[in-house]
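Me: I've got a model open and I'd like to talk through a few of its local features. Can you take my questions as they come?

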Amino acid sequence: LAVIFFFSGSVRSAVAQENKDCFDCHDDITLNVKRNGVSVSLYVNKKTFSGSAHKSVKCVGCHAELAGKELPHDEFASRAQCASCHTQQQRFYDEGLHGQAKKQGDPLAPGCLDCHGSPHEILSARDTRSPVTAIKIPALCGRCHHEGSPVQIKYDIPQSNILENYSESMHGEGLLKKGLI
């Protein structure tokens with residue numbers, strides 16, 4: 001009976017779906033796999049994740065195909081689909097210029113991760129370290145929307161000194177000098 005109890009506890013922990021179980025492997029900086037001949041890191045920094053906006057989300061909340069799978073799992077986890085939880089934000093994106101460009105197959109169109117960063121490291125927009133906090137939006141947009149950039153060239157945006165002009169505009173002054181968000 002003791003042996004059965006011992007092994008039933010082991011099996012239960014082998015299919016447990018708590019984040020700590022995932023971090024037993026994924027907090028290893030050397031964890032890599034080959035996908036299409038390219039080495040891909042599967043490392044997730046536990047400390048960084050614990051400070052992220054997703055810290056209270058279970059790993060299987062985003063990687064649902066792994067729910068109930070025995071660990072270690074042998075299949076690849078799919079990319080998280082942000083829209084699964086962020087439906088309103090996805091709708092705004094889809095209706096906006098970036099979403100429309102993405103829908104038309106524009107390789108320059110940014111997706112969620114291009115602005116927000118890795119899902120395992122995303123910070124709340126209220127966090128001043130976040131790339132999408134209000135005060136950082138001009139610099140974030142400026143990464144793609146600056147003179148000489150592929151976006152400016154492709155869409156023939158005839159403006160120069162884009163970031164400088166923005167910072168001196170009424171909106172730039174309101175944000176950058178007066179802190180209006």
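This is a predicted model: local features need pLDDT of at least 70, side-chain atom pairs count only at pLDDT 80 or more; totals for chains, interfaces and linings use all residues.

Reply: Patches are made of residues with over 30% relative accessible area and no salt bridge, where like charges are joined within 9 Å and nonpolar side chains (Val, Leu, Ile, Met, Phe, Trp, Tyr) within 5 Å. Lys and Arg count as positive and Asp and Glu as negative, while His and the chain ends are not counted. The place of a charge is taken as NZ of Lys, CZ of Arg, CG of Asp or CD of Glu. Accessible areas come from the Shrake-Rupley method with a 1.4 Å probe, and for residues only the protein chains shown count as cover.

Me: Which residues form the negative surface patch?
Reply: Glu-147, Glu-164, Glu-168 and Glu-173 form it. One of them, Glu-164, is found in helix 10; helices are DSSP runs of H or I with at least four residues, strands are runs of E with at least two, and both are numbered from the N terminus.

Me: OK, salt bridges. How many does the structure hold?
Reply: There are 5 salt bridges, a salt bridge being a side-chain nitrogen of Lys or Arg within 4 Å of a carboxyl oxygen of Asp or Glu. One of them joins the side chains of Lys-58 and Glu-18, at 3.3 Å from N to O. That pair links distant parts of the chain, 40 residues apart: Lys-58 is in the loop between helix 3 (46-50) and helix 4, and Glu-18 is in the loop between helix 1 (2-14) and helix 2 (19-26).

Me: How accessible are Lys-58 and Glu-18?
Reply: Lys-58 has 40% relative accessibility, so it counts as partly exposed. Glu-18 is at 37% and is partly exposed too.

Me: Which residue does Asp-106 meet in a salt bridge?
Reply: Lys-154; their side chains meet at 3.1 Å, N to O. Lys-154 lies in helix 9 and Asp-106 in the loop between helix 6 (97-103) and helix 7 (112-116), so the bridge ties together parts that are 48 residues apart in sequence. Asp-106 counts as buried because its relative accessibility is 8%, whereas Lys-154, at 46%, counts as partly exposed.

Me: And where do Glu-95 and Arg-91 lie?
Reply: Both lie in helix 5, 4 residues apart, which is about one turn of the helix. Glu-95 counts as exposed at 52% relative accessibility, and Arg-91 as partly exposed at 41%.

Me: Switching to cysteines. How many disulfides are there?
Reply: The structure holds 0 disulfides, taking a disulfide as a pair of cysteine sulfur atoms within 2.5 Å. For Cys-141, the nearest cysteine sulfur is that of Cys-115, 6.9 Å away. Cys-144 is in no disulfide either, and its nearest cysteine sulfur, that of Cys-115, is 6.9 Å away.

Me: How accessible are Cys-141 and Cys-144?
Reply: Cys-141 is partly exposed, with a relative accessible area of 38%. Cys-144 counts as partly exposed at 34%.

Me: Backbone now. Which residues does the cis peptide bond join?
Reply: Leu-71 and Pro-72, with omega about 0 degrees. Pro-72 is found in the loop between helix 4 (59-62) and helix 5 (87-95).

Me: What is phi of Asn-36?
Reply: Near 55 degrees, a positive value in a residue other than glycine. Most residues other than glycine have a negative phi, and most peptide bonds are trans. Asn-36 lies in the loop between strand 1 (32-35) and strand 2 (38-41), and at 83% relative accessibility it counts as exposed.

Me: What about Asn-161, where does that lie?
Reply: Asn-161 lies in the loop between helix 9 (150-154) and helix 10 (162-168). Its phi is positive, near 50 degrees, and Asn-161 counts as partly exposed at 40% relative accessibility.

Notes. Residues are numbered from 1 along each chain as its sequence is written. Side-chain values use heavy atoms; hydrogens and water are left out. Buried means under 20% relative accessible area, exposed over 50%, partly exposed in between (1.4 Å probe, protein chains only).
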